[in-house]
2 protein chains.
Amino acid sequence: MTGAFAQATAATADGPGHWSAEQVDGWDIHGNANGGVVLATAARAMAKEADRPDPVSVTAHYLRPIKTGPLTVETETLKAGRRLVTVSGRLLQGGQLALQLLGTFGDITAIDGPQLVVNDRPSYPPPDACISTYAPQGFAPGLMSKIDVRLVPEDALFATERSTGLAQMRGWFRLHDAEPIDVFASLLAIDAFPPAIFNTSLPNGWAPTVELTAHTRRRPRSEWLQVRVRSRYIFGGFLEEDTEVWDDDGLVALGRQLALVPL
Amino acid sequence: MTGAFAQATAATADGPGHWSAEQVDGWDIHGNANGGVVLATAARAMAKEADRPDPVSVTAHYLRPIKTGPLTVETETLKAGRRLVTVSGRLLQGGQLALQLLGTFGDITAIDGPQLVVNDRPSYPPPDACISTYAPQGFAPGLMSKIDVRLVPEDALFATERSTGLAQMRGWFRLHDAEPIDVFASLLAIDAFPPAIFNTSLPNGWAPTVELTAHTRRRPRSEWLQVRVRSRYIFGGFLEEDTEVWDDDGLVALGRQLALVPL
């Protein structure tokens, strides 16, 4: 039996470089598909094209909003090396290009080698002491009913007058029904939190992603992923959002996106 | 009269979506073209294709080393919006694909809007008190003869036993002969420093870039750019390199790359 996330992001081969997928109802932010879900869908198809298990680095440019309904993914291998395979991807809905992608795929369990990690994983309360983002009238009730996202209490104050003022969103992520978190779910975790700008005094609104790049560095092994989202440079109409994702053993993924500042 | 960097990264239209360029002798690291130079060359062609001045976000996957000699760039507009235009790019040498790119272009001077910046620009000695990277027998004498890179004294110790042990490289960047630093030169600045891993006790060697993403946020206005390169997660055969580039007024560009750890 397959979990809800695996089903929502499945890509079925139609022929060489052509894949069918579907934007499943509910994995949305107020009617538009969440960027992490469609990234995971496209990356699954691209990994199959590459015949490599892990999206070592994948970049998506978001060109059009995606609604519930059928999707197609087109993939093309640009270079197949022994270790790494580079693939371009296009995700379309109704014949219109919605996401353009470029990624390199490999096996992130294959190499050991030298190690030097600056452990700046933050310490904050465990999931049970954090605040669920799900509320029927709350932020993105569609998406937040599909996954389990918990925020550090002070970072959950964005709807109130007492928000921290810091462009930071810290918390925890897991899938429902004990569905194991695979490497593609770590792509979702990168884009599953409310925008960090929500905790500032700047206008809160939709911050459309222009581009998102994710590096997956280790396959998650824990039930919960720890996630920190930060924006340091909000100016000139753009902001960056840097996301770090850890499991119990350390970093699993890094994400950075460029988004438009809500006006 | 055009400066050396502008000449080295020029792209001339051959026809719709086809551009001629050249990897000029000397802009290399021990015979292979520097990744920032070829990124700037391809981004210039893509910006012309987009008819927009600034590479808001551009990603390159590095597929083959590039040598001195002719290059061609192929560009295709994927979506032209009012404000932003998304373009794919291919840079070839001898008919072989060397760089695959994906970028979104716009005018980064066009919007003002809300602003919130966490100013963690580091304070360190001015260029005159820093150490030139150029030495005939030193690191990358080709590239370092073409540009003026100065390192904070303690970060210049990587060739000695007294290196800091920190995966960090801080310093300054400018072009020769007072050539103005344009937005494409900020792409070069992102990849012009010795790898941050050189200041650690890990094996030092070529750390081939798999993928590099740059966001340009403001056009540089100073003679000197201040640059900090850091790697926090060196493990599993990969490392990320995060680069921040500031001019006298603040951030101008952010870069992140995924590279292979020298073995």
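Predicted model: local features only at pLDDT ≥ 70, side-chain atom pairs only at ≥ 80, totals over all residues.
## Two copies, one axis

Residues are numbered from 1 along each chain as its sequence is written, chains are lettered from A and ligands numbered from 1 in the order in which they are written, and side-chain values use heavy atoms, with hydrogens and water left out.

## T59 of chain B

T59(B) sits in strand β5 (residues 54-62) of chain B. Helices (H or I, at least four residues) and strands (E, at least two) are DSSP runs, numbered from the N terminus. Why does T59(B) count as buried? Its relative accessible area is 0%. Buried means under 20% relative accessible area, exposed means over 50%, and partly exposed lies in between (1.4 Å probe, protein chains only).

The side chain of T59(B) makes a polar contact with the side chain of T213(B), at 2.7 Å. A polar contact is a pair of N or O atoms within 3.5 Å; within protein, one must be able to donate a hydrogen and the other to accept it, and residues adjacent in sequence count only if both atoms are side-chain atoms. Contact in the wider sense means heavy atoms within 4.5 Å. Leaving aside neighbours within four places in sequence, T59(B) is in contact with residues of chain A, including T59(A), L102(A), E211(A) and T213(A). In chain B, the contacts of T59(B) include Q100(B), L101(B), L102(B), E211(B), L212(B) and T213(B).

β2(A) runs antiparallel to strand β1 (residues 12-15) of chain A, joined by 3 bridges. Two strands pair if DSSP finds at least two bridges between them. T12(A) has S20(A) of β2(A) as its bridge partner. β1(A) and β2(A) form a hairpin with 2 residues between them, and G17(A) in the turn has a positive phi of about 75°. β2(A) is also joined to strand β6 (residues 69-80) of chain A, antiparallel, by 6 bridges. There, A21(A) has L71(A) as its bridge partner.

## A covered helix in chain B

Helix α4 (residues 183-190) of chain B is mostly covered, with 8 of its 8 residues buried. Among them are V183(B), F184(B), L187(B) and I190(B). At the start of α4(B), a side-chain oxygen of D182(B) reaches to within 3.1 Å of the backbone nitrogen of F184(B).

## Cysteines

How many disulfides are there over all chains? A search of the whole structure finds 0. A disulfide here is a pair of cysteine sulfur atoms within 2.5 Å. C130(A) is buried, with a relative accessible area of 10%. C130(B) is buried too, also at 10%.

## Salt bridges

The count comes to 37 salt bridges over all chains. The rule asks for a side-chain nitrogen of Lys or Arg within 4 Å of a carboxyl oxygen of Asp or Glu.

E154(A) and R170(A) meet in one, at 3.2 Å from N to O. The pair links distant parts of the chain, 16 residues apart: E154(A) is in the loop between β11 (147-151) and β12 (168-175) of chain A, and R170(A) is in strand β12. E154(A) is partly exposed at 42% relative accessibility, whereas R170(A) is buried at 14%. R228(A) forms a salt bridge with E244(A), with the closest N and O atoms 3.0 Å apart. R228(A) lies in strand β14 (residues 225-230) and E244(A) in strand β16 (residues 238-247) of chain A, so this pair ties together parts that are 16 residues apart in sequence. Both R228(A) and E244(A) are buried. A salt-bridge network links D120(A), R217(A), R228(A), R230(A), E244(A), R232(B) and E240(B).

In chain B, R219(B) and D54(B) meet in a salt bridge at 2.9 Å, N to O. R219(B) lies in the loop between β13 (209-216) and β14 (225-230) and D54(B) in strand β5, so the pair ties together parts that are 165 residues apart in sequence. R219(B) is partly exposed at 32%, and D54(B) is buried at 1%.
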